Amino acid sequence: MPASSNRPRDPFVDWVRQVTPYIHAHRGKTFVIAIGGEALTDAHFPDLVHDIAMLHGLGIRLVLVHGARPQIEARLSERGARMRYVNGLRVTDDTALACVKEAAGVVRVEIEALLSLGLANSPMAGVRIPVVSGNFVTARPFGVLDGVDYGHTGTVRRVDRHTLRALLDQGAVALMPPLGYSPTGEVFNLSAADVARSTAEALQADKLVFLLEDEEVRTAALPPTLLTGEVDALLDAATPLPEGLSKCLRASAEACRHGIPRVHLVGRSGDGALLRELFTRDGSGTLVSAEPFEELRAARIDDVAGILELLRPLEERGILVRRSRERLETEIDRFVVAERDGLITACAALYPYADEAMAELACVAVHTQYRAGGRGDRLLEYMERLARAQGIARLFVLTTQTAHWFQERGFAPAGLEALPMARQALYNFQRNSKVFIKRL
């Protein structure tokens with residue numbers, strides 16, 4: 001490296017460089033973001049709106065879906081009434097519907113006002129964001145179930161994706177309330193989670209984001225990633241989850257099953273939580289997907305630089321034998337990598353000796369920042385499955401400093417003579433590596 005590489009690092013410059021790939025990746029993409037009505041009562045809500053405005057400024061096509069539960073309940077309380085629930089479903093009578101329409105209108109106007117802010121010395125300085133609302137959702141009544149008439153409570157029938165796409169193409173932000181309309185002119189009270197899910201599916205959005213309340217996040221203690229099957233297990237567990245979170249989880253799994261690649265559940269109150277989720281590799285919330293977020297796959301030639309970067313610290317410490325770029329390029333078909341948003345987080349290589357039905361497991365490495373969460377075990381399991389598919393009966397490793405890790409996973413010590421003859425001829429006596437073998 002040139003001498004200039006020793007100059008002091010500027011944290012701001014490093015940060016900009018780290019987020020740049022996400023800026024490029026998100027530009028022109030469509031995000032549907034759902035916000036609960038509770039957010040508007042938070043003194044820090046303008047900060048969240050500023051972050052959303054920045055997403056628009058970065059070229060992201062935005063649909064905002066808002067709830068209005070606390071605002072509806074406040075209006076019902078003023079009238080000496082309250083929302084009735086049966087089996088977890090709202091029953092919307094005439095009084096409740098009037099409160100829903102009033103609350104939805106007030107919330108819409110408040111969000112529009114914040115997105116219209118353009119004062120100097122504020123994050124919105126010089127910003128002009130057109131915000132459009134409309135009758136984008138056609139709904140139908142929930143109807144009568146088990147003898148209970150749910151009144152004006154409805155479900156989404158369809159979303160006008162053509163009009164929404166046209167508005168997004170013109171640079172507008174679409175703002176959608178939890179309301180739906182029927183061809184007969186009726187208005188229905190809808191779940192904001194269902195509106196967000198249905199809109200994401202109709203637009204085939206690139207991301208669906210639910211901004212959750214802190215109490216819900218703390219109660220559930222959700223992991224960083226969830227597959228749809230794991231979401232189903234959470235919803236079926238004996239311990240009930242908060243109602244709002246359950247709706248968002250159910251909508252998340254359903255969206256993933258209908259083609260939305262990634263759904264994000266983010267605690268909204270953390271300063272910049274939405275930005276951290278979208279512009280950092282590890283995020284700040286929970287990612288729901290139909291397929292594993294961190295992909296294990298065969299390495300490609302364009303992975304060489306990432307593999308070299310991953311192996312370099314281990315080579316410098318003498319844990320792995322140094323490999324040149326040229327050698328790695330010629331052997332790239334032997335490698336498997338784990339990739340997380342463009343970063344190679346782990347790798348391993350398999351060198352088969354078909355005559356002996358054996359294979360060497362080499363270059364097992366996990367990025368220092370990603371050694372938690374069982375990545376090494378998943379990588380080993382993947383390599384063992386790969387070896388079995390090739391008719392390999394025994395897997396062996398040569399190691400100088402990680403013997404215990406392999407022994408804990410079923411590898412037994414062996415002598416040099418147990419290796420294939422061709423591998424014995426390449427043994428480096430100066431390194432004096434220990435040999436371990438595992439039967440598959």
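**Exercise 1. Find which residues Glu-38 is in contact with, leaving aside its neighbours within four places in sequence.**

Start with the contact list: Arg-69, Pro-70, Glu-213 and Arg-268, where contact means heavy atoms within 4.5 Å. Before going on, a word on what you're looking at: this is a predicted model, with local features needing pLDDT of at least 70, side-chain atom pairs counting only at pLDDT 80 or more, and totals for chains, interfaces and linings using all residues. Residues are numbered from 1 along each chain as its sequence is written, and side-chain values use heavy atoms, with hydrogens and water left out.

Next, place Glu-38 in the fold: it sits in the loop between β1 (30–35) and α2 (45–57). Helices (H or I, at least four residues) and strands (E, at least two) are DSSP runs, numbered from the N terminus.

Last, look at the side chains: those of Glu-38 and Arg-69 are joined by a polar contact of 2.9 Å. That term covers a pair of N or O atoms within 3.5 Å; within protein, one must be able to donate a hydrogen and the other to accept it, and residues adjacent in sequence count only if both atoms are side-chain atoms.

**Exercise 2. Work out which residues lie nearest the centre of the largest cavity, and which element gives the most to its lining.**

Terms first. On a 1 Å grid over the protein atoms alone, a cavity is a set of points where a 1.4 Å probe fits but cannot get out, while a pocket is an open set with protein on both sides within 12 Å along at least five of seven lines; lining residues have an atom within 4 Å of a point. Grid points are joined across faces, edges and corners, and a volume is the space filled by probe spheres set on the points.

Now the cavity itself: its volume is about 510 Å³. Of its 29 lining residues, Gly-36, Gly-67, Arg-69, Ala-192 and Gly-244 are nearest the centre. So much for the residues; as for elements, α9 gives the most, with five.

Finish with the classes: 15 nonpolar, six polar and eight charged residues. Here Ala, Val, Leu, Ile, Met, Phe, Trp, Tyr, Cys and Pro count as nonpolar, Asp, Glu, Lys and Arg as charged, and the others, Gly among them, as polar.

**Exercise 3. Describe the lining of the largest pocket by residue, element and class.**

Take the space first: about 890 Å³. Then pick out Ile-319, Leu-320, Cys-363, Val-364 and Leu-398, the closest to the centre among 34 lining residues. β20 (358–366) is one of the elements giving two or more residues, and its seven are the largest share. By class, you get 18 nonpolar, six polar and 10 charged.
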